[in-house]
Amino acid sequence: MPSSTVGLLRGALRILRRCSSVIGAIGWGIACFVGNLDTPSFAAADNSAYAAPIDSSATLTVEKNIFSAVATASLPFGGLIHKDTTYGIIRAAAFLQAARESALSLSGHTAAHIGAFALPRRTALAAAAQEASVSISITDAPAPFIGQELLTVMVKLESPLERLNTRIRETMQHPDTWALYEESLALMHQHVAEGRDLVQRAANLRQDRGAHTDEIFMQRTTYLADQLDALWMYLQLLPHLRNTWEKPADVQGQLQRALTLAPQNPLLWCALGEVQLQLDFPQQAIESLDCAVRYGPEFARALYARGLAHLRMQQSALAESDLSAALALRPHTVTWLRARGAVRMVREDYGPMCEDFTEACAQGDCDGLITARKRDLCQPEPAESAEPATNSPPTTEKTAAPASASELPPAPLEVPHVAP
């Protein structure tokens, strides 16, 4: 590789020092599964702020310096609808209701009200700022479900009052993670609404026609419970995402297990790819992110992460294509502009590179522009004078001297500050 190209690549990696993300697994051969199953839509969804199911109740308490919301949900089970299937569905239902109850109370919290005016966004904030605990009980189902059992799940979301404000601020300072909470809860709500309805219909059918007449509901309810179990695992991992994934090797193992339950969930594939890139396995990251994009074609975060993985593999044309696609979905995202500028530096496409760096700098991120100017690129236009200079090249198209390793040392890519 020519020394000038090496210098440009090192410069690009330096610019990307705080702006990278992707997915990966060491020696793990799971592939994208193909099937006609549900995939989430990454458009904003209100979902009535995850409205309460009919068979649930919730209370909010503040006592002994503990802020907590408790919600319960109950459904009958039996026949071919297993307890574990019912549990996965109603645990999610109770969790959503507890989060919603907390969110309603946060309307009086100044930071939460200003930063999360919409109730679904505030519900995600409540879920992120509190810790969940779960308990269950099984009793005989009441009439008319004689002979069946009733599963009741209680979910408590709580936080010490002295920590609540800190956790709210921490969540709001990481809007990428906050947005992933919101997307996860919206998807969870969709699965809960359908799953609860099917479990209830199965109970009605068993009561009318016998214990094992509910076979027609078994496959779909099992599928929905698996999706919800995988989302539950994902939500437990999100506190480890603060620009980069903490303990990425451990997170990778958890994501792999979640993907065995929900192999078409783009949120999981994207997170896995980010971890793989963080562990320096860019080819595996690309494969995982391919799955994320396949199941979430408008998942801008996954496109951005895949672009960085392509750059790590020195596939600059593919990297620019993915980054441009991500920016088409979310224009003016400052970190992504800096990343695309770095790719264009590698490709020696200096005019568009300067446009990206200049726009990023206008939004407060001037790292790329500073690096470019150190290499005599993207210089400001000279002031007009009575005698304009002649034979001067365009200021954004200067030929850069190769950068030395000491000037632009290589740096590992990190998971960026982004949102879906």
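## Confidence, cores and salt bridges in a predicted model

Over residues 33–54 pLDDT stays under 50, and the model has 52 contacts beyond four places in sequence for this stretch. Residues 20–31 likewise keep a pLDDT under 50, with 67 contacts beyond four places in sequence. The structure is a predicted model; its mean pLDDT is 80, and 73% of the residues reach 70 or more.

The largest nonpolar core contains 93 residues, of which Phe95, Met188, Tyr234, Leu238, Trp245, Leu255 and Leu268 touch the most other members. Apart from this core lies another, of nine residues, including Met353, Leu369, Ala372 and Cys378. Once neighbours within four places in sequence are set aside, leucine 238 is in contact with Thr177, Leu180, Tyr181, Ser184 and Trp245.

Helix α14 covers residues 350–362; its 13 residues reach 18 Å from the first C-alpha to the last, close to the 18 Å expected at 1.5 Å a residue. Its buried residues include Met353, Asp356 and Phe357, together with Tyr350, Gly351, Cys354 and Ala360. Just after α14, glycine 364 adopts a positive phi of about 105 degrees.

The structure holds 15 salt bridges. Three of them are listed below.

| Salt bridge | N to O distance |
|---|---|
| Arginine 306 – aspartate 290 | 2.9 Å |
| Arginine 306 – aspartate 322 | 2.8 Å |
| Arginine 344 – glutamate 320 | 2.9 Å |

Arginine 306 forms a salt bridge with aspartate 290. Because arginine 306 lies in helix α11 (residues 300–312) and aspartate 290 in helix α10 (residues 282–295), the pair ties together parts that are 16 residues apart in sequence. Arginine 306 is buried, with a relative accessible area of 15%, whereas aspartate 290 is partly exposed, at 31%.

Arginine 306 also meets aspartate 322 in a salt bridge. This pair links distant parts of the chain, with aspartate 322 in helix α12 (residues 316–329) and arginine 306 in helix α11, 16 residues apart. Aspartate 322 is buried, with a relative accessible area of 6%.

A further salt bridge joins the side chains of arginine 344 and glutamate 320. Here arginine 344 belongs to helix α13 (residues 334–346) and glutamate 320 to helix α12, 24 residues apart. Arginine 344 and glutamate 320 are both buried. These two residues belong to a network of salt bridges that links Glu320, Arg340, Arg344, Arg347 and Asp356. Asp356 is one of the buried residues of α14.

Definitions and conventions
Residues numbered from 1 in each chain as written. Heavy atoms only, no water. Helix = DSSP H or I, 4+ residues; strand = E, 2+ residues; numbered from the N terminus. Expected span 1.5 Å × (residues − 1). Buried < 20%, exposed > 50% of the residue type's maximum accessible area, 1.4 Å probe, protein only. pLDDT = per-residue confidence, 0-100. Contact = heavy atoms within 4.5 Å. Core = buried A, V, L, I, M, F, W, Y, C linked by side-chain atoms within 4.5 Å. Salt bridge = Lys/Arg side-chain N within 4 Å of Asp/Glu carboxyl O.
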